[in-house]
Amino acid sequence: MSDNFEPKNDLEQQLLDAQEGNLDGDVFLHQLMHSQVFMPVKDDDSSIGGFQTSSKAIPLSLEDSEGTNVLVLFTSPERARNFLEDYPGYEGGLLERFGKLIELMGIGYAITLNPGCEAGMDLDPDMVTHLAQTTFTEH
């Protein structure tokens with residue numbers, strides 16, 4: 001790991017520790033489930049004559065080479081800035097607990113955390129499903 005990455009919050013420090021082998025992966029995933037992450041969203045701009053017909057926020061998701069939808073999340077809004085320059089309309093976002101997002105999004109999605117950043121990670125759909133099932137059993 002390069003010395004260029006400066007952790008800005010506890011989650012980023014935990015991610016860095018996990019990547020460097022100083023924190024068990026399962027411990028990190030448990031902590032991630034209870035941590036707040038940033039989800040870029042754009043407003044559904046369905047409007048007629050200035051009246052907004054929908055207040056639905058659309059999260060940024062991409063499709064990988066295998067056709068899997070990948071939800072894009074970040075450890076903080078600051079980490080999203082450079083990446084989002086390539087995605088007009090995603091200037092805003094929501095801060096939400098990672099576990100809640102997994103509960104709400106359903107199965108079949110992958111997740112990328114901090115894409116384009118050296119301190120990031122990808123979760124395939126099977127891992128996301130496993131985490132969602134773990135979340136439901138914790139309540």
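Student: Which residue of strand 6 does Glu63 stand opposite?

Tutor: In this predicted model, Glu63 faces Asn69 of strand 6. Strand 6 covers residues 69–73, and strand 5 joins it in the antiparallel sense.

Student: How do you know that strand 5 and strand 6 pair?

Tutor: Count the bridges: there are three between strand 5 and strand 6. Pairing asks for at least two bridges, so these strands qualify.

Student: What makes strand 5 and strand 9 edge strands?

Tutor: Look at the sheet order, 5-6-8-9, in an open sheet of mixed pairing. Strand 5 (61–63) and strand 9 (121–123) each have a pairing on one side only. On average, neighbouring strands here are turned by 25° against each other, ignoring direction.

Student: Which helix lies across strand 6, strand 8 and strand 9?

Tutor: That is helix 4, residues 98–105, which runs at about 155° to strand 8 (109–113).

Student: Why are helix 1 and helix 2 called roughly antiparallel?

Tutor: Take the angle: the axes of helix 1 (residues 10–19) and helix 2 (residues 25–33) cross at roughly 160° and come within 10 Å. Angles over 145 degrees count as roughly antiparallel, and therefore that is the name for this pair of helices. The crossing of helix 1 and helix 2 is left-handed.

Student: Which residues make the contact?

Tutor: Helix 1 brings Leu11, Gln14, Leu15 and Ala18, while helix 2 brings Phe28, Gln31 and Leu32. By class, the contact of helix 1 with helix 2 has five nonpolar residues, two polar and no charged.

Student: What does Ala18 touch, not counting residues up to four places away in sequence?

Tutor: Ala18, found in helix 1, touches Leu23 and Phe28. The C-alpha atoms of Ala18 and Phe28 are 6.5 Å apart, although 10 residues separate the two along the chain.

Student: Where does pLDDT stay under 50?

Tutor: Over residues 49–54, and for this stretch the model has nine contacts beyond four places in sequence. For the chain, the average pLDDT is 86, and 85% of the residues score at least 70.

Terms used. Residues numbered from 1 in each chain as written. Predicted model: local features only at pLDDT ≥ 70, side-chain atom pairs only at ≥ 80, totals over all residues. Heavy atoms only, no water. Helix = DSSP H or I, 4+ residues; strand = E, 2+ residues; numbered from the N terminus. Axes fitted to C-alpha atoms, helices over the stretch in contact; angles between N-to-C directions. Contact = heavy atoms within 4.5 Å. Parallel < 35°, antiparallel > 145°, perpendicular 65-115°, else oblique. Left-handed = near helix turned anticlockwise from the far one by under 90°. Nonpolar A, V, L, I, M, F, W, Y, C, P; charged D, E, K, R; others polar. pLDDT = per-residue confidence, 0-100.
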